[in-house]
Amino acid sequence: MSTDSTPPLHVAWIIWGLGAVFYLLGFFQRVAPAVMTQELMRDFHINAAALGNLSAFYFYSYVAMQIPTGIIADIWGPRRLLTSGALVAGLGTVIFALAPSILWANLGRLLIGGSVAVAFVGLLKLASAWFPPRQFATVTGMALLFGIVGAVCGGPPLRLLMEFFSWRSIMLAVALVTLGIGTVIWIYVRDKPGDKGYAELVQSKEATGEGNSPRQILFRIAEVLNYRNTWLLFFIPGGIVGCTLTFSGLWGVPFLTSQYHITTAKASTLTSSLLVAWAVGGPVFGWLSDFTGRRKPLYLLACALCLAGWTVIILIPDLPFFLLVALLVGTGFCSGCMVLSFAFAKESMPARLAGTVTGVINMGVMLGPTILQPAVGWVLDRNWQGEMTDGVRVYGLQAYQNGFSLLLAWAALSLVLLLFTKETFCRQQV
């Protein structure tokens with residue numbers, strides 16, 4: 001094969017797509033507990049606080065791996081990174097599926113979260129190595145689509161499967177698929193076109209991460225923390241994403257089934273609709289912000305609408321069903337404003353710090369569900385009135401409102417903190 005020819009587009013898409021399937025499985029794992037809350041609580045004999053902690057073990061390791069992943073990616077390259085991540089995720093899923101106790105289940109979720117955390121960085125590296133620069137934004141946007149498909153699969157389709165199979169057998173099947181993806185990635189994926197005999201693209205040298213030693217990265221982290229917007233934009237998206245993933249990823253389904261007396265499948269469809277609206281809102285808010293040349297006003301407006309939407313959903317009981325659906329979809333759409341955090345933060349400091357500040361902000365994004373999922377469970381247990389069904393605790397409206405008040409508090413904090421951010425006018429600082 002001649003090294004004078006650039007890689008065909010279909011080859012680039014296949015290589016990138018294999019990594020994207022792993023990213024899809026990571027999103028599936030993120031939200032899967034939402035439709036199996038009763039089964040998990042019954043099988044492990046746990047309360048809401050323990051269930052929230054079980055779900056959050058995914059986020060504990062996911063957040064911890066954000067910056068180390070960048071360092072490992074620069075040393076190993078995307079092929080070894082994605083393969084290792086998929087194999088560890090498969091092992092973690094096996095442990096979770098076969099767990100005899102909550103301790104083993106927690107370990108499984110911990111391994112899953114830490115391993116799938118490498119997927120997005122691996123995808124970015126493959127995109128920059130295998131696609132022309134003009135297609136990078138499009139390819140990166142496709143990653144979000146794959147992620148949301150995974151999240152939707154963790155909703156109604158998963159619940160439908162659970163009508164015929166146990167959650168343990170389903171998760172074992174997911175483990176086998178994950179291990180299979182890891183094997184295929186190792187066999188077929190290569191870090192750059194030259195490894196398959198094609199001509200290197202211009203940006204391939206950038207994809208190798210030359211000059212990004214661990215020590216240099218640590219120095220850059222310290223530097224980005226000197227900027228005020230870094231600290232503010234670290235906490236702000238955590239409130240928005242925390243509300244979205246705490247509701248759709250764990251506590252929304254039991255809340256909707258108990259308060260609106262709908263089936264688990266129907267409730268999971270509603271929470272999946274919220275996630276789809278979130279995915280649509282992201283690029284819309286990004287385009288509007290670029291078009292108007294402002295970050296702060298649009299972010300403030302959307303954040304205020306999110307707070308208003310969650311307030312109505314949580315505090316006003318027995319909403320008409322069509323209004324409930326509209327509020328969930330509208331609030332999910334407005335939650336897409338969190339994508340502005342990355343451009344906002346990147347523009348607040350010199351361009352050479354863009355990669356580092358992105359990792360820091362992404363840690364803040366996932367901090368919300370990491371804290372809120374177990375915290376809401378703890379409040380639910382504190383307000384439990386003793387009712388049980390089939391060996392599982394049932395929580396009343398007041399318990400959910402008290403627990404979800406934590407979501408409203410962080411969303412309100414995000415809105416206040418936004419007032420103190422410094423507008424960049426969509427211009428990169430020198």
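## Helices α13 and α19

The crossing of α13 and α19 is left-handed (the near helix is turned anticlockwise from the far one by less than a right angle). By class, their contact has 17 nonpolar, six polar and no charged residues. The axes of α13 and α19 (residues 397-418) lie 9 Å apart at an angle of about 160°, which makes α13 roughly antiparallel to α19 (over 145 degrees).

## Basis

This is a predicted model, in which local features need pLDDT of at least 70 and side-chain atom pairs count only at pLDDT 80 or more, while totals for chains, interfaces and linings use all residues. Residues are numbered from 1 along each chain as its sequence is written, and side-chain values use heavy atoms, with hydrogens and water left out.

## Helices α15 and α19

Helix α15 (residues 296-315) packs against α19 at an angle of about 165°, the axes being 9 Å apart. α15 is therefore roughly antiparallel to α19. The crossing of α15 and α19 is left-handed. Contributors to the contact (heavy atoms within 4.5 Å) include Y299, W310 and I314 of α15 and F404, L408 and L415 of α19. The contact of α15 with α19 divides into 14 nonpolar, three polar and one charged residues.

## S248 in α13

S248 lies in helix α13 (residues 228-259). S248 is buried, with a relative accessible area of 3% (buried means under 20%, with a 1.4 Å probe and protein chains only). Not counting residues up to four places away in sequence, S248 touches A34, T271, L274 and L275. A polar atom of the S248 side chain lies 2.5 Å from the backbone oxygen of T244.

Conventions. Helix = DSSP H or I, 4+ residues; strand = E, 2+ residues; numbered from the N terminus. Buried < 20%, exposed > 50% of the residue type's maximum accessible area, 1.4 Å probe, protein only. Polar contact = N/O pair within 3.5 Å; in protein donor to acceptor, adjacent residues only side chain to side chain. Axes fitted to C-alpha atoms, helices over the stretch in contact; angles between N-to-C directions. Parallel < 35°, antiparallel > 145°, perpendicular 65-115°, else oblique. Nonpolar A, V, L, I, M, F, W, Y, C, P; charged D, E, K, R; others polar.
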